[in-house]
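Take a look at the model, then we'll go through them.

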Amino acid sequence: MKRYCAACTFLCFFSSFALAQVVGSGRNPGAEDPEMTRPRVLLSGRVVLDDGGPLAKSVVVQTICKGEKRIAAHTDSQGRFSFMIGEMHSFSEAMRGGVEDASVSARGGMSVAGDTPVGVHKLLDWRACGVTAELPGFISEVAELMVRTGDEGGDIGIITLRRTARVEGLTVSATSAAAPVAARKAFEKALAQEKNNKWDAAQKSLQKAVQLYPSYAVAWFELGRVQVLKKDIDQAKRSFAQSLAIDANYMNPYLELSRIEAREQAWQSLADLTAKSIALNSTASPEIWFFNGVANYNLQRLDDAEKSARLGLKLDSEHQFSKLEYLLGIVLEEKHQYTEAIEHMQAYLHLVNSPRDVEAAQKELAELSKLTGTTTISGATPPKN
């Protein structure tokens with residue numbers, strides 16, 4: 001089997017708010033979509049912990065449609081959230097991958113920055129979607145909108161987060177308790193400014209917080225997130241690294257740094273970083289396993305890449321991170337395990353609907369067909385992992 005270069009880079013073009021995703025529906029894209037002329041649907045709900053404890057931080061709320069995750073909102077201090085189906089969020093875009101992504105291999109167009117990185121799904125799809133929460137160290141139930149709401153949307157109800165296991169890695173930093181009052185106020189002010197899209201002001205407030213209290217790991221992390229939004233990636237990396245230097249058990253910076261290292265194709269650094277995160281909490285995030293697998297694949301550690309992809313898929317029982325299927329498919333293809341490679345590539349094609357992802361899967365299946373002398377089927381049911 002011929003070998004391919006380890007990675008390539010491609011540009012994704014964004015509108016001022018979000019990446020334009022065109023779903024292959026067979027419709028004339030210039031024709032008016034009656035579903036889109038309806039008023040936008042408001043959805044709201046609340047995220048709680050199963051033990052009744054308070055949320056220590058804002059939680060990311062995501063929609064899941066056809067295997068694709070998109071950030072929709074962040075909870076307030078009481079766990080409440082609301083969002084409109086059809087809106088786009090520039091903050092979500094920046095947090096999920098930025099403008100330039102790196103693919104796993106030159107063959108496919110698979111972004112390593114995460115599943116469909118922007119916005120909230122359009123009205124046409126919303127009834128078949130689910131809503132979930134994301135917090136490292138916890139598993140979220142999926143609220144099925146078709147079951148929980150009527151045609152006009154409304155209250156989703158409660159989404160419960162359940163702790164996966166006792167782990168060393170924490171989603172809150174122990175350093176926060178010692179923060180002086182002035183630093184805490186600056187940090188809280190920054191969070192309020194972020195909610196109002198006042199990013200320059202939020203950055204200044206966070207810089208003040210870490211100046212007043214240099215050991216404020218959470219503030220350093222939040223500063224890095226704002227710097228990513230402003231596309232100041234070098235400074236963001238320094239902020240995330242500073243957060244980890246202060247508190248190596250604080251989980252949140254690992255994922256953000258992993259996304260940056262993946263886009264920069266720093267494979268050894270990405271492998272080391274994700275290995276540390278996994279050692280702290282192996283059940284925190286399928287995305288961490290994905291990045292670890294991508295790093296090992298590009299370092300030609302195929303056995304390690306396969307292990308990471310399989311463990312990530314086992315953790316991702318709701319198929320929220322579909323690119324794990326693609327990763328395992330190309331790893332198995334490299335290892336000449338063509339039959340199972342076809343199964344996972346078909347599963348990936350079953351889960352995605354963006355033209356770029358569909359095209360990447362179809363190209364791989366065509367290559368596998370040549371190698372095996374068989375005809376692959378595109379509508380296969382996802383395999384059991």
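Q: What makes helix 9 and helix 11 "roughly parallel" to each other?
A: The axes of helix 9 (residues 286-298) and helix 11 (residues 323-334) come within 10 Å and cross at roughly 25°. Axes here are lines fitted to C-alpha atoms, for helices over the stretch in contact, with angles from 0 to 180 degrees between N-to-C directions. Angles under 35 degrees count as roughly parallel, over 145 as roughly antiparallel, 65 to 115 as roughly perpendicular and the rest as oblique. So helix 9 and helix 11 are roughly parallel.

A word on provenance: this is a predicted model, where local features need pLDDT of at least 70, side-chain atom pairs count only at pLDDT 80 or more, and totals for chains, interfaces and linings use all residues. Residues are numbered from 1 along each chain as its sequence is written, and side-chain values use heavy atoms, leaving out hydrogens and water.

Q: Which residues of helix 9 and helix 11 meet?
A: Pro286, Phe290, Gly293, Val294 and Tyr297 in helix 9 meet Lys323, Leu324, Leu327, Ile330, Val331 and Glu334 in helix 11; contact means heavy atoms within 4.5 Å. The residues of this contact divide into eight nonpolar, one polar and two charged. Ala, Val, Leu, Ile, Met, Phe, Trp, Tyr, Cys and Pro count as nonpolar, Asp, Glu, Lys and Arg as charged, and the others, Gly among them, as polar.

Q: What makes strand 3 and strand 7 a pair?
A: Two strands pair if DSSP finds at least two bridges between them. Strand 3 (residues 60-65) and strand 7 have five, in the antiparallel sense, and threonine 63 stands opposite valine 131. Strand 7 also pairs with strand 9 (residues 143-144), antiparallel over two bridges; there, valine 131 has alanine 143 as its bridge partner.

Q: Why does alanine 177 count as exposed?
A: Alanine 177 sits at 62% relative accessibility, so it counts as exposed. Its place is the loop between strand 10 (154-163) and helix 3 (181-195).

Q: How many helices and strands does the protein chain have?
A: It comes to 13 helices and ten strands. Helices (H or I, at least four residues) and strands (E, at least two) are DSSP runs, numbered from the N terminus.

Note on methods. Buried < 20%, exposed > 50% of the residue type's maximum accessible area, 1.4 Å probe, protein only.
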